[in-house]
Amino acid sequence: MTEIDAKIDALVPAWLTLPDIAEMLDVEVTRVRQLVKEGQLIAVRRGENRALHVPAAFIDGDRVVKGLSGTLTLLKDDGFTDEEMLEWLFTPDPSLPGTPAQALSENRGTEVKRRAQALAV
């Protein structure tokens, strides 16, 4: 869990608090915290009260976006920090098109993972 800077905050279009995510996923907030701890979600401190927030694009209805966990693992293995992962996921990539986060939400995770793997080379 990291402190968010203005550049990343501006890239991410919408954020959800951990209680919001818990309600959407129909789980306890402690389970959402565990997902963050396990690296399946990225949470950052933002806003006036520095509450933990997760990009809304990471949640699809009542589940975590398919392919997100694997992509985060690849990026972490490549040495990315949480902030660098957020920047990469929410920066437009003309070859996708759109952002990697959008591609994941559109079930184009294979393409996103390919690009994440190429970063390690």
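Two remarks on the source. This is a predicted model, in which local features need pLDDT of at least 70 and side-chain atom pairs count only at pLDDT 80 or more, while totals for chains, interfaces and linings use all residues. Residues are numbered from 1 along each chain as its sequence is written, and side-chain values use heavy atoms, with hydrogens and water left out.

Let me turn to the overall fold. The protein chain holds seven helices and six strands, in the sequence order β-α-β-α-α-β-β-β-β-α-α-α-α. These elements are DSSP runs numbered from the N terminus: helices are H or I with at least four residues, strands E with at least two. The C-alpha trace spans about 35 × 30 × 25 Å along its principal axes. Of the 121 residues, 39% are buried; buried means under 20% relative accessible area, exposed over 50%, and partly exposed in between, with a 1.4 Å probe and protein chains only. Contact means heavy atoms within 4.5 Å. Among contacts between residues at least 6 apart in sequence, 57% join residues at least 24 apart.

I come now to strand β4, residues 51–55. Four of its five residues are buried, so the strand is mostly covered. Strand β2 (residues 15–17) runs antiparallel to β4 and is joined to it by three bridges; two strands pair if DSSP finds at least two bridges between them. Strand β3 (residues 44–46) also pairs with β4 in the antiparallel sense, over three bridges. His53 of β4 is the bridge partner of Thr17, and Val44 stands opposite His53 as well. Between β3 and β4, which form a hairpin, there are four residues, and Gly47 in that turn has a positive phi of about 85°.

Finally, where does Asp78 lie? Its place is the loop between α4 (68–77) and α5 (82–90). Asp78 counts as partly exposed because its relative accessibility is 27%. Leaving aside residues up to four places away in sequence, Asp78 touches Ala116, Leu119 and Ala120. The C-alpha atoms of Asp78 and Lys37 are separated by 18 Å, and these residues are 41 apart along the chain.
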